[in-house]
Amino acid sequence: MKKLLLSLGLSTCLGTAALAAGGGGAHLEDYSFSFEGPFGSYDKMQLQRGLQVYTEICASCHGLQYVPLRALEDLGYTDAQVRAYIADVGIFVPDDGLEAQPGDERLAIPSDKFPVNDGAGAPDLSLMAKARAGFHGPMGTGINQFLKGMGGPEYIANLLGHGYIDPPECAADADMDGQYNLYFTAGGIPDSCKDEDGHSTIEGSWIAMGQPLYGDDVEYADGSSTELEEVSKDVAAFLMWTAEPHMDSRKQSGLLSVLFLGLLTVLLYLTNKKIWARVKGKKPE
């Protein structure tokens, strides 16, 4: 993923501002990710595939500085497998020993976090799936987000899987940096694609990040499809996990809390009914 700064690193406010200025992204396809809904949970096999896409394609420019390496055990890996992953990929972190010299590095251990990587000005991807809202409703947050969620994973999957297309005809003679993306709204737009009021007449805009995925970019050990759309969904799901690694446990705790409160409500109602039964049965003198 080259230079994701202009595609994913910009805030939701910038995307909303672009919409207000007259430009907008294309309609996002609402994928049915396994973790969506109150009873949804992460598909560990999909997360492992997403990790592979990140490792082989994204990690050259982007880091996950807020994600501990040991958290990979939540994806189904053992401690030994995590250590093997660290060694195979060659993940090094600054050596903070007392005798370490500036620039010294050591091989990471599971208690370390993924190293910082901002190659080519690229942003960290740890929280990217929550930093970008894909769905919008009244006043920016409304019915769509209530029913579908924020849509960060959908935005990432659509941008990577369907966003890179040929520029519109109005830009045929324009000299633009980067590539045209149908879902990215915060990039440059040539004057030839604006109306007399300076508003965009097209969906999307130009993005500095070159197309990172083309399909068949990786080879999955489990034999899953490596078509462009599927690979995009896999890495989007993985980035959702990096942003919300405890989502499953949070949902379980929430469900137990709701059940407990429901039971408590019934018990309080029955207790109240029993206490006041004799009083309510008396007639006033």
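The report below takes up the cysteines, then a surface patch, then a loop residue.

## Disulfide and its setting

In this predicted model, the count of disulfides comes to one, and the bond joins Cys170 to Cys193 with an S to S distance of 2.0 Å. The link of Cys170 and Cys193 is right-handed, with 100° about the S-S bond. Cys170 lies in the loop between helix 6 (152–161) and strand 3 (179–181), while Cys193 lies in the loop between strand 3 and strand 4, so the pair ties together parts that are 23 residues apart in sequence.

The two partners can also be described by their accessibility: Cys170 counts as partly exposed at 28% relative accessibility, whereas Cys193 is buried, with a relative accessible area of 0%.

## Cysteines without a bond

Cys58 is in no disulfide, and the nearest cysteine sulfur to its own belongs to Cys61. Because the sulfur of Cys61 is 9.2 Å from that of Cys58, its closest cysteine sulfur, the two are too far apart for a bond. Cys58 is buried, with a relative accessible area of 1%, and Cys61 is likewise buried, at 8%.

## Nonpolar surface patch

Phe39, Leu255, Leu256 and Leu259 form a nonpolar patch on the surface, and together they have about 470 Å² of accessible area. Of these residues, Leu255 is found in helix 8 (residues 247–281) and counts as partly exposed, at 39% relative accessibility.

## A loop residue with positive phi

Asp216, a residue other than glycine, has a positive phi near 60°. Asp216 lies in the loop between strand 4 (205–207) and helix 7 (228–243), where it is exposed, with a relative accessible area of 63%.

Definitions and conventions
Residues numbered from 1 in each chain as written. Predicted model: local features only at pLDDT ≥ 70, side-chain atom pairs only at ≥ 80, totals over all residues. Heavy atoms only, no water. Patch = residues over 30% accessible without salt bridge, like charges linked within 9 Å, V, L, I, M, F, W, Y side chains within 5 Å. Areas by Shrake-Rupley, 256 points an atom, 1.4 Å probe, with all protein chains shown as cover. Salt bridge = Lys/Arg side-chain N within 4 Å of Asp/Glu carboxyl O. Helix = DSSP H or I, 4+ residues; strand = E, 2+ residues; numbered from the N terminus. Buried < 20%, exposed > 50% of the residue type's maximum accessible area, 1.4 Å probe, protein only. Disulfide = S-S within 2.5 Å.
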